Amino acid sequence: MSVNKEVKRITTNTLQKMKSNSEKISMITAYDYSFAGIFDAAGIDVILVGDSASNVMAGHETTLPITLDQMIYHASSVIRGVERCLVVVDLPFGSYQSNSKEALASAIRIMKETGAHSLKLEGGEEVLESINRIISAGIPVMGHLGLTPQSIYKFGTYTVRAKEEAEAEKLKNDALLLQQAGCFGLVLEKIPALLAKEVSESLIIPTIGIGAGKYCDGQVLVMHDMLGINTTFKPRFLRQYLNIGEQATIAVHRYITDIKSNDFPNDSEAY
Ligand code: KIV
C-alpha cells in the first residue's frame, strides 16, 4: 500500500488533484479521538464525522435525532486526533433545512467550535441557497446525493435510489448545480454504478461513492460496518475488513473468566 507522505495536510485542492491524476480517494467515518488518530496515521485521505453517529454511536434507528451540539462534540474529538487528513463534518438534520441564514449559523458553529476543515450536507436544488451562503462565507462544502438518510421518512426505504429515469435525471442535474455552486466534492450513496460513472465523468469535482460502484473517484464506508463492530448491517455494497465485534466478545469473555477465577490480576499485575 502506498501512502503519499509528501502531502503534509490533505486539503480540498489535494482531492481535486487526486481526481485529475486518477488517484482514488479513501474516506472513512470516525467519531472520536482514538479511532481518528488510528485512521489518520494509517494514511486515510478524508475522515467524515458522519451523522451516522446517531446510529452507530448513540443507537438511534435513523440519523434524524442527532443534534448540532452532539455533532460538535464528535467533530472536536476527531479533530484532536488527526494531523494529515481532511476532516468533513455532517450538518445534522434540522440544522440547515429551515433557511440559508440558519444553515450558515450552524456551519459557522461547527467550524468555530471544532476546528473542522469542511462540511457536508444532504440534498440538491432544495438546499442550494444554503450551500451558496455557506460557501460564500469561505467554508468548503461537500454535497450528498442519492440515498440521503436524513430524508428516510420521505423515501420510506433504504433501497437503491435513482433507478428510474426521472430520478436519475434530477440527480445528474443536482450534481451539476452543486458543482456550479462551488462544492469541492460529492458523496453518491446507493445509486446504480453506471449512473455514478456518468456523474463522475461529467464533473470536475471528485465523487465519493458508498454503494455506488467502482467508477467513483473515491469510496467511503462507515467505520463500524467495515471493522465489523456493527455486525447486523450487511448490505451488498459493504466489504468487512475486520471482525472487531466477535473479537471483542471473545476478549471480554476471557476477561470475565479471569476475574471470576481469581486469575486476574496476578502478582506481577499488582503494586
Ligand atoms: O453519515 C454518514 O456516515 C454518511 C456516509 C454514509 C456517507 O453520510
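Mentor: Let us begin with a term: contact means heavy atoms within 4.5 Å. This is a predicted model, in which local features need pLDDT of at least 70 and side-chain atom pairs count only at pLDDT 80 or more, while totals for chains, interfaces and linings use all residues. Residues are numbered from 1 along each chain as its sequence is written, and side-chain values use heavy atoms, with hydrogens and water left out.

Trainee: Which residues is Lys 120 in contact with, leaving aside its neighbours within four places in sequence?

Mentor: With those neighbours set aside, Lys 120 is in contact with Leu 48, Val 88, Val 89, Asp 90, Leu 91, Met 142, Gly 143, His 144 and Val 187. Lys 120 lies in strand β4, residues 118-120. Helices (H or I, at least four residues) and strands (E, at least two) are DSSP runs, numbered from the N terminus.

Trainee: Buried or exposed, that Lys 120?

Mentor: Lys 120 counts as buried, because its relative accessibility is 2%. Buried means under 20% relative accessible area, exposed over 50%, and partly exposed in between, with a 1.4 Å probe and protein chains only. The C-alpha atoms of Lys 120 and Ala 107 are separated by 9.6 Å, and these two residues are 13 apart along the chain.

Trainee: What about Lys 112, buried or exposed?

Mentor: Lys 112 is exposed, because its relative accessible area is 69%. Its place is in helix α5. Between the C-alpha atoms of Lys 112 and Val 89, 23 residues apart along the chain, the separation is 12 Å.

Trainee: Where is Thr 114 placed?

Mentor: Thr 114 is in helix α5, which covers residues 100-114. With a relative accessible area of 7%, Thr 114 is buried.

Trainee: What does the side chain of Thr 114 reach at 2.9 Å?

Mentor: The side chain of Thr 114 reaches the backbone nitrogen of Ala 116 at that distance. Apart from neighbours within four places in sequence, Thr 114 is in contact with Ile 72, Ala 75, Ser 76, Ile 79 and Arg 109.

Trainee: Changing topic: at what angle do α2 and α4 pack?

Mentor: Helix α2 (residues 33-42) and helix α4 (residues 68-81) pack at about 40°, and their axes are 7 Å apart. Axes are lines fitted to C-alpha atoms, for helices over the stretch in contact, and angles run from 0 to 180 degrees between N-to-C directions. The two helices, α2 and α4, are therefore oblique to each other. Angles under 35 degrees count as roughly parallel, over 145 as roughly antiparallel, 65 to 115 as roughly perpendicular and the rest as oblique.

Trainee: Which residues meet there, between α2 and α4?

Mentor: From α2, Tyr 33, Ala 36, Gly 37 and Asp 40 meet Ser 77, Val 78, Arg 80 and Gly 81 of α4. The residues of this contact of α2 with α4 divide into three nonpolar, three polar and two charged. Here Ala, Val, Leu, Ile, Met, Phe, Trp, Tyr, Cys and Pro count as nonpolar, Asp, Glu, Lys and Arg as charged, and the others, Gly among them, as polar.

Trainee: And how do α8 and α9 lie to each other, roughly parallel or roughly antiparallel?

Mentor: α8 and α9 are roughly parallel to each other. The axes of α8 (residues 165-181) and α9 cross at roughly 25° and come within 10 Å. In that pair, Ala 168, Leu 171, Lys 172, Ala 175 and Leu 176 of α8 meet Leu 195, Glu 198, Val 199 and Ser 202 of α9. By class, the contact of α8 with α9 has six nonpolar, one polar and two charged residues.

Trainee: Now Asp 217. Which side chain is joined to that of Asp 217 by a polar contact of 2.8 Å?

Mentor: The side chain of Lys 19 is joined to that of Asp 217 by this contact. A polar contact is a pair of N or O atoms within 3.5 Å; within protein, one must be able to donate a hydrogen and the other to accept it, and residues adjacent in sequence count only if both atoms are side-chain atoms. Asp 217 is found in the loop between β7 (207-210) and β8 (218-221), and is buried, with a relative accessible area of 15%.

Trainee: Last topic, the backbone. What is phi of Ser 22 near?

Mentor: Phi of Ser 22 is near 55°, a positive value in a residue other than glycine. Most residues other than glycine have a negative phi, and most peptide bonds are trans. A cis peptide bond joins Phe 264 and Pro 265, with omega about -5°.
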